[in-house]
Amino acid sequence: MSSGTYFPQNIIIKKRDGGALTQDEIGFFARGVVNGQFADYQATALLMAIFWRGMTPQETAWLTDAMMRSGDVIDLRDLPGAKVDKHSTGGVGDKVSLILAPLAAACGITVPMMSGRGLGHTGGTLDKLEAIPGFRVMLDVPEFRAILQKVGMAMIGQTPQVVPADRKLYSLRDVTGTVECIPLICASIMSKKLAEGIDSLVLDVKFGQGAFMKKKEDALTLARAMVAVGQAAGKPVWAQLTAMNQPLGRCAGHTTEVIESIECLKGRGPDDLMEVTFALTGHMLVLGGAAKDMAEARTKMDTAIANGRALQKFHEMCVAQGGDPRVIEDYSILPTANKKIEVRARGADASGFVSEVDALRCGHAIMALGGGRAAVTDKVDHAVGIADLIKIGEPVAPGTLLCTLHVNDDAKGTRAEALVREAVKFTAAAPTLEPLVQELIS
Ligand code: URA
């Protein structure tokens, strides 16, 4: 099939042989995967050619733009204030969005957040929010806008009309070994974010065992590519590089992460989670003009937590999106597991300090409990998860609590316990702690 002067096979051959595609060829491709002019087998051939040959920064920017325009681009210009969002490449226990969005909104930023569901060992913001009874994440654009206008933030799933090209391409990449390709990841993430109607964006690019990018150099390359695409689109984008060798905070799962997030908004969050949250939210305040620098941003964030404004925003969001706001004061309203298993250190090696808490194995433990998704169609059990997780550098002796597993099925609990035991390693001397927030590309 062809359109005008373009034939998919010619575009595939050009990229296969190492050529750079033109804006029109890329536009034909992004439209073609949605309207059928680019058949699935041709799209996957081109994706594989891009995987091996790469794309120039200019091609990546064109692909992002063309994918963004494959569907609706939300226009929020009539809403007051700076519209700033955050995107994380995902990690175990990463519940930053649930804290950051109300915190930024309480400090005067409008946060139009479209998030995803969990897949594999990483959790998804939408699934976590759905642990709150009644909480609706699938809102249409008019309702999204109305909540943004009223509350200053909304957290929803992507509507089917936004970036349909990514939905198609991601499903093809997922089954053809073409996910791990920086220009394709960059265009996939950035097209969705730019279609939200944002003025600027903060990215949290994770690296390490529990992250999509295992190596810091790869995370840096991806971060730079996404910042450059933002620049090409005329939207300031800052990217923070964050280590993800151990889960963030002390909880992983759904109910457990909602509780930990509310605790953070009450001023009782764990240090590592608050460090990442304050860094990312601070960048949003600076980018959005709500603070002149990070020091002023920090003062504003501390005030919003201390005076309850950030928690109030979370309450307002729950009410606006149908969630039961009583969860803020009564955690028993959240889905609760039948049983709690305390996993305690044991054996000859269990003394000294924790040297490792493997985030990937912890993610697998959540999946073993039934709290993860191996396939997009799987249902997640919101009640199960990990709490009270020990952190790298903490002292340990036989009997020290390593974590509490929230379990609904004994056999799954046994499997999860074995995975957590494999995840936590000990050393006689206190380990050197790797900095969590490592670099800012701005
Ligand atoms: N997340 C996305 O949204 N797209 C990718 O390609 C990879 C991670």
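## Domain organisation

The protein is divided into domain 1 (3–54), domain 2 (84–331) and domain 3 (336–427), with bounds that come from an automatic or database domain assignment. The centres of domain 1 and domain 3, taken over C-alpha atoms, are separated by 45 Å.

This is a predicted model, in which local features need pLDDT of at least 70 and side-chain atom pairs count only at pLDDT 80 or more, whereas totals for chains, interfaces and linings use all residues. Residues are numbered from 1 along each chain as its sequence is written, and side-chain values use heavy atoms, with hydrogens and water left out.

## The crossing of H2 and H8

Helices (H or I, at least four residues) and strands (E, at least two) are DSSP runs, numbered from the N terminus. The axes of helix H2 (residues 23–35) and helix H8 (residues 164–174) cross at roughly 80° and come within 9 Å. H2 is therefore roughly perpendicular to H8; angles of 65 to 115 degrees count as such, while those under 35 are roughly parallel, those over 145 roughly antiparallel and the rest oblique. Axes are lines fitted to C-alpha atoms, for helices over the stretch in contact, and angles run from 0 to 180 degrees between N-to-C directions.

Phe29, Ala30, Val33 and Val34 of H2 meet Pro164, Ala165, Lys168 and Leu169 of H8, where contact means heavy atoms within 4.5 Å. These residues divide into seven nonpolar, no polar and one charged. In this classification Ala, Val, Leu, Ile, Met, Phe, Trp, Tyr, Cys and Pro count as nonpolar, Asp, Glu, Lys and Arg as charged, and the others, Gly among them, as polar.

## The three-stranded sheet

Strands of a sheet pair through backbone hydrogen bonds, either parallel or antiparallel. An open sheet of three strands has the order S10-S8-S12, with antiparallel pairing; two strands pair if DSSP finds at least two bridges between them. Strand S10 (395–396) and strand S12 (424–427) each have a single partner strand and stand at the edges, so one side of each is left without a neighbour in the sheet.

Strand S8 (residues 352–357) pairs with S10 in the antiparallel sense over two bridges, and Phe353 stands opposite Pro395 in S10. Helix H16 (residues 410–423) packs on this sheet, touching S8 and S12, and its direction makes about 35° with that of S12.

## The four-stranded sheet

Four strands form an open antiparallel sheet in the order S6-S9-S11-S7. Its edges are S6 and strand S7 (339–344), each with a single partner strand, so one side of each is left without a neighbour in the sheet.

S7 and strand S11 (residues 401–407) run antiparallel and are joined by six bridges; Ile341 stands opposite Leu405 in S11. H16 packs on this sheet, touching S7, S9 and S11, and its direction makes about 155° with that of S11.

## Loop residues

Gly249 lies in the loop between strand S5 (237–243) and strand S6 (252–253). With a relative accessible area of 0%, Gly249 is buried; buried means under 20%, exposed over 50% and partly exposed in between (1.4 Å probe, protein chains only). Beyond its neighbours within four places in sequence, Gly249 contacts Lys95, Glu260, Pro270, Asp272, Leu273 and Lys391. The C-alpha atoms of Gly249 and Glu260, eleven residues apart along the chain, are separated by 8.0 Å.

Val163, in the loop between strand S3 (153–157) and H8, has a positive phi near 45° although it is a residue other than glycine. Val163 is buried at 0% relative accessibility. Asp388, in the loop between strand S9 (385–387) and S10, is not a glycine but has a positive phi of about 55°. Asp388 counts as partly exposed at 40% relative accessibility.
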